[in-house]
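Please read them with the structure open beside you.

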Amino acid sequence: MTTADAARDLEALRAALGAPRLHYYGVSWGTSLGVTYRTLFPGRSGRMLLESVVAPDPDLRGLLDGVTRAREQRFERFAAWLADRSARYRLGTDAEAVRTRLLALRDRLTERPLRTPSGTYGSAETEQYLDAEPADRAGAAAALAALARGRAPDGGGDGKARVAAPPLVAPFAGTALLCSQVTHAGSFAEQWAAYGERRTTYPVLGGSRPMFPGSGQVPGTSTCAGLPAPDRPPVEPGRAGGPLLLVAHRDEVVTPLPWARAMRARTGGSLLVVADGEHATVTGGACAGRVTAFFTRPEETPAREAVCEP
């Protein structure tokens, strides 16, 4: 059950429909499927838009490192944002002071969770605020400011970790497709060693579970651990005919922006960067018109890289 097999299924569907070319829109893992199809069937590839692009290199440790690095960088931007609003949140007047204060808060709540009538606040709850998306910064900042003063956050802060969103791919199929595609999954011992290095390199969020489909229930590990290596290597992304537009979200951490730029270096095409931190949501925002224009007027696609404000 591999991405290459899924691409061949897609070609069978195209042939059954009698369509001369396949026009395709894929998100997240669907970007890997699109690139694989485009590489295997370059003469049948039509207009292709790939959003929230998976990295072209299927090294599992590199994928988990990339996601963790993106989260750490997002926190650093959050710390700078808090410093610019020190009068309101009183967590520090510069980014380094904010960082020091928040890490000390997490350590304190890890050792002595705050127990209140509305819930218990420990390391898991603190980390979910430290890992806030740009759109959620104000709420997370207010919650952290309250916790720093020994109080429960107002409204909605019930001390429970967020429930994970439903997966974009069915868990069984997603695991099979991912694990047949990645390399260097390694044993549990190897992954645990890499996790220890990640915690040192990324001290804020390196010890928490990355938001990536291959992440195991134990932070730092993967659902692919211990599975046999694929019989055949994954298809190397290549160039093909037909217009190609890659869409990335500037502050996203599930499929970080550098992955889209690395993919573009392999496949060519154009890159549209949406100035938000969402995952695979361009069709529901102010940039949706760029998607419609790509499929109806591909000649208007930016030559190399452009930015869209959501």
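1. This is a predicted model, and its pLDDT averages 88 over the protein, with 94% of the residues scoring at least 70. Among the elements, helix α4 (residues 86–89) has the highest mean pLDDT, 97, whereas helix α8 (residues 171–179) has the lowest, 77. Where pLDDT is low, the predicted coordinates should not be read in detail.

2. An open sheet is formed by five strands, which follow the order β1-β2-β5-β6-β7 and pair in the parallel sense. Because β1 (22–27) and β7 (305–308) stand at the edges and have a single partner strand each, one side of each is left without a neighbour in the sheet. From one strand to the next, the twist averages 15 degrees.

3. Within this sheet, β5 (residues 244–249) and β6 (residues 270–274) are joined over five parallel bridges, and Ala248 has Val273 in β6 as its bridge partner. Helix α10 (residues 257–267) lies across β5, β6 and β7, and it runs at about 165 degrees to β5. Helix α11 (residues 288–296) also packs on the sheet, where it touches β1, β2 (45–51), β5, β6 and β7, with its direction at about 170 degrees to that of β2.

4. The largest nonpolar core has 27 residues, of which Leu82, Leu102 and Leu144 touch the most other members. Two or more residues come from each of α3 (60–84), α5 (95–111), α6 (123–130) and α7 (137–148), and α7 gives the most, with seven.

5. Leaving aside residues up to four places away in sequence, Leu102 touches Phe75, Leu82, Leu91, Leu130 and Leu144. Another core lies apart from this one and holds 19 residues, including Ala6, Leu33, Leu244 and Ala260.

Conventions: Residues are numbered from 1 along each chain as its sequence is written. This is a predicted model: local features need pLDDT of at least 70, side-chain atom pairs count only at pLDDT 80 or more; totals for chains, interfaces and linings use all residues. Side-chain values use heavy atoms; hydrogens and water are left out. Two strands pair if DSSP finds at least two bridges between them. Helices (H or I, at least four residues) and strands (E, at least two) are DSSP runs, numbered from the N terminus. Axes are lines fitted to C-alpha atoms, for helices over the stretch in contact, and angles run from 0 to 180 degrees between N-to-C directions. Contact means heavy atoms within 4.5 Å. pLDDT is the predictor's confidence in each residue, from 0 to 100. A nonpolar core is a set of buried Ala, Val, Leu, Ile, Met, Phe, Trp, Tyr and Cys residues joined through side-chain atoms within 4.5 Å. Buried means under 20% relative accessible area, exposed over 50%, partly exposed in between (1.4 Å probe, protein chains only).
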